[in-house]
Amino acid sequence: MTVALREARRTSASRLLGAQALAAIVLLALCLASLLIGSRTVSPAALVEALAGRGGDDLNTLLWEVRLPRTIAALLVGAALAWAGTLMHGMTRNPLADPGLLGVSSGAAFAVTIAMTWFGVRSATGIAGSAVAGAAIVTAAVLALGLRGAASGTKLVLAGVAFSMTVSGVQSAVTLLNPRALDAMRAWSAGSLASPNTSVLWETLPLIAFGGILAFALARPIDALALGDDTARGLGSHPFFARAGTGVAAACLVGAATAIAGPIGFIGLMVPHFIRPFTGPSTGRMILFGTPVGAALLLTADILARTVLWPGELPVGVIAAALGAPVILIVLRRRA
Amino acid sequence: MPSPIRRATFAGLAALAAGALLLTGCSSSAAPAGDSQSAESGAASGAFPVTIHNAYGDATIDAQPERVAALGYADVALASALGAHVVAAPESFTSVAGAGDEKNLPYIDPLPEDTTWLNPMSINVEQVAAAKPDVILATAGFTLDEALYAQLSDIAPVVAYETALYGSTSEESALRIGDALGKTEDAERLITEADAAVAAIKQDLPGLEGGTFLYGQARDGVVVMLVDEANVTAKFMQQLGLVALPAVADLGGQGSVPGAIDVSFEQAPLFNDAGVMFMTFQSDALQEKFERDPIVSKQPIMSERYVPVGLEAATALQDPNIASVPWLLEQLRPGLELIPAK
């Protein structure tokens with residue numbers, strides 16, 4: 001039996017390794033495509049010219065000041081959302097636990113709007129800070145409401161939905177009271193990667209790194225939680241710290257992602273479902289493999305967002321939602 | 001709960017009322033236009049009762065209105081320019097957006113202190129009723145629909161658009177309001193003045209004839225360029241002799257509004273050949289984003305012939321009414337002067 005188990009683990013490990021390699025190749029190809037494809041198409045030859053330093057001002061600006069930051073932003077935000085989604089997923093054992101659905105992203109965006117309109121916040125640090133604060137408040141509230149007493153998945157999602165509603169209600173009230181907020185809100189209502197603020201990108205990098213490290217560190221405690229609080233305690237992990245840690249990591253990751261791109265839903269929802277067939281339920285493996293998958297998913301969405309309405313563009317959040325909504329339906333159908 | 005009898009009486013009354021409406025409608029169209037007018041003093045040139053055919057039904061104005069409510073910017077501008085007593089008016093977009101306190105439009109003489117200010121984004125019917133108007137002008141009421149029309153019609157006769165919002169020329173709208181207020185001749189005079197203002201600027205600036213323009217609203221990463229005459233703003237520019245820059249106009253693709261093309265910031269090098277590039281913004285943050293974009297900021301046109309347009313001028317351009325034309329041309333003039341002569 002042990003032999004069979006070991007055998008099974010080895011095959012799944014090699015399967016994961018294969019998938020991992022494939023994901024890395026796809027991601028590289030997407031990065032290249034992301035540099036070349038957009039409202040203006042850059043030919044591979046022109047890219048080579050630019051790399052050789054013979055690109056000319058216009059091409060250099062397009063490649064290194066627009067497409068490259070945009071690609072990096074997509075990679076970072078995609079990975080951060082995948083980590084946050086996987087963590088929330090793993091901790092709540094709920095297939096619908098997504099930072100977007102639970103209102104964490106909209107909470108972060110709302111906090112940025114408030115900070116910008118009422119407190120005149122403009123600096124990258126201010127934007128990142130307020131986004132994380134907003135994400136933290138919503139995460140804490142949703143976890144506190146959803147995990148009180150017997151932890152139940154339904155309760156958590158209901159708490160999340162209730163919170164999203166509250167945020168959007170307060171948001172409408174604020175825009176009615178202060179029309180100036182409406183303008184800021186408009187810019188922060190649909191996630192977009194077009195011309196990301198590069199200083200915000202740099203400011204949030206440590207946050208994303210911290211969230212990522214925390215995510216890996218939390219993988220084992222979260223897996224232990226799945227066996228029930230008592231067993232988890234027996235295995236030497238503290239259920240409270242595991243949950244609180246997940247909240248902190250999710251707040252950092254979603255806050256940073258929102259500060260860069262605005263609220264983007266469904267990436268955190270889709271990634272765990274895509275990768276579970278390859279990784280199995282291990283949170284550590286899911287976080288590892290979810291990194292390139294999340295990044296690739298958002299990059300694909302952004303390339304689509306740049307091209308489907310040529311010569312215009314769509315906000316990437318719209319495409320993410322269009323790709324993600326069917327996933328919810330499939331999840332619901334499978335569970336039914 | 002209405003009893004069957006009461007319901008029958010009500011139906012009978014409604015039929016009577018409808019009949020009466022029909023009758024007055026007939027009589028107005030049958031009455032010779034000149035007769036009653038000659039009896040009036042010089043200011044009033046219309047004949048009452050007047051029936052206006054709206055997209056949502058007909059409205060009959062029995063006598064020259066004395067208290068006018070206006071729902072759209074063009075409505076209040078024309079009513080004021082025609083000397084009507086305005087009791088309710090839409091507050092300026094600057095005020096709606098919270099960018100300033102001035103509720104009156106910059107090209108309208110100050111309205112009375114007790115004017116009821118309406119939010120044009122969502123018309124409060126009770127507010128309109130409280131102003132006790134005897135006519136409601138809504139040819140440019142952009143939130144008007146059949147339900148709102150029906151509610152407003154219970155207060156006073158409504159003058160709406162004939163077919164669709166922005167579906168008429170500004171001349172037609174001016175004459176429509178002139179007829180409703182009994183000031184057709186004054187409306188014609190305003191049209192002549194607007195035409196003269198256009199002719200004068202075309203004579204002053206020979207670059208206008210055949211020159212190229214871009215007029216857009218910059219959003220997040222995308223400029224909505226108004227290029228086709230299906231868009232009244234583009235049409236206004238065309239009346240000045242300008243054409244939308246072909247390099248952009250010929251891109252094709254879907255626009256966010258009729259007659260527009262959405263163009264990514266990445267395409268900014270195409271903008272350089274425009275004689276002038278007017279740009280409007282929904283907020284200061286979006287203006288900053290546009291001007292700071294790595295590609296946009298490096299284009300020569302940005303330092304040479306790029307002109308940001310203020311909120312009120314942009315709103316006026318969304319539906320240029322006859323009364324606003326002289327002011328609008330004054331606002332655009334510095335930009336129009338940049339257009340190189342051919």
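In this predicted model, chain A and chain B bury about 2,100 Å² between them. Carbon and sulfur atoms account for 53% of that buried area. The contact draws 23 residues from chain A and 27 residues from chain B.

**The interface between chain A and chain B**

- Two salt bridges are counted between chain A and chain B.
- On the side of chain A that touches chain B, α3 (57-92) and α7 (179-187) each supply at least two residues.
- The element that gives the most to this side of chain A is α3(A), with seven residues.
- By residue type, the side of chain A that touches chain B divides into eight nonpolar, six polar and nine charged residues.

- Side chains of opposite charge can pair when their charged atoms come close.
- Over all chains, the whole structure holds 17 salt bridges.
- One of them joins A:D58 to A:R40, and the closest N and O atoms of this pair are 2.4 Å apart.
- This pair links distant parts of the chain, 18 residues apart: A:D58 is in helix α3 of chain A, while A:R40 is in the loop between α1 (2-36) and α2 (44-51) of chain A.
- Are the two partners buried or exposed? A:D58 counts as partly exposed because its relative accessibility is 33%, whereas A:R40 counts as buried because its relative accessibility is 17%.
- A further salt bridge is formed by the side chains of A:D302 and A:R70, at 2.9 Å from N to O.
- Here too the pair links distant parts of the chain, with A:D302 in helix α12 (residues 283-307) of chain A and A:R70 in helix α3 of chain A, 232 residues apart.
- A:D302 has a relative accessible area of 0% and is therefore buried; A:R70, with a relative accessible area of 3%, is buried.
- The side chain of A:R70 also meets that of A:E313 in a salt bridge, with 3.0 Å from N to O.
- A:E313 is in the loop between α12 and α13 (316-335) of chain A, and 243 residues separate A:E313 from A:R70 in helix α3 of chain A.
- A:E313 is buried as well, at a relative accessible area of 8%.
- Which residues are joined into one network by salt bridges that share partners? The network consists of A:R70, A:D302, A:R306 and A:E313.

**Annotated regions of chain A**

- An unreviewed UniProt entry gives the annotation "transmembrane region" to residues 68-88, 100-121, 127-147, 156-177, 248-275, 287-308 and 314-332 of chain A.
- Residues 68-88 of chain A are 100% helix and 0% strand, and the end C-alpha atoms of this span lie 30 Å apart.
- Residues 248-275 of chain A are 82% helix and 0% strand, with the end C-alpha atoms 24 Å apart.

**The fold of chain B**

- Chain B contains 15 helices and 13 strands.
- Of the 342 residues of chain B, 51% count as buried.
- Among the contacts in chain B with a separation of 6 or more, 67% come from residues 24 or more positions apart.
- According to an unreviewed UniProt entry, the annotation "domain: Fe/B12 periplasmic-binding" covers residues 67-340 of chain B.
- Over residues 67-340, chain B is 40% helix and 17% strand, and the end C-alpha atoms are 48 Å apart.

**The surroundings of B:Q217**

- B:Q217 is placed in strand β8 (residues 212-218) of chain B.
- The side chain of B:Q217 makes a polar contact, at 3.1 Å, with the side chain of B:R219.
- Which residues does B:Q217 contact when its neighbours within four places in sequence are left aside? The partners of B:Q217 are then B:V222, B:V223, B:V224, B:M279, B:T280, B:F281 and B:Q282.

Note on methods:
Residues are numbered from 1 along each chain as its sequence is written. Chains are lettered from A and ligands numbered from 1 in the order in which they are written. This is a predicted model: local features need pLDDT of at least 70, side-chain atom pairs count only at pLDDT 80 or more; totals for chains, interfaces and linings use all residues. Side-chain values use heavy atoms; hydrogens and water are left out. Contact means heavy atoms within 4.5 Å. Buried area is the accessible area (1.4 Å probe) that two parts lose on being put together, summed over both. A salt bridge is a side-chain nitrogen of Lys or Arg within 4 Å of a carboxyl oxygen of Asp or Glu. Helices (H or I, at least four residues) and strands (E, at least two) are DSSP runs, numbered from the N terminus. Ala, Val, Leu, Ile, Met, Phe, Trp, Tyr, Cys and Pro count as nonpolar, Asp, Glu, Lys and Arg as charged, and the others, Gly among them, as polar. UniProt positions are given in the numbering used here, feature names are shortened, and annotations may be inferred rather than shown by experiment. Buried means under 20% relative accessible area, exposed over 50%, partly exposed in between (1.4 Å probe, protein chains only). A polar contact is a pair of N or O atoms within 3.5 Å; within protein, one must be able to donate a hydrogen and the other to accept it, and residues adjacent in sequence count only if both atoms are side-chain atoms.
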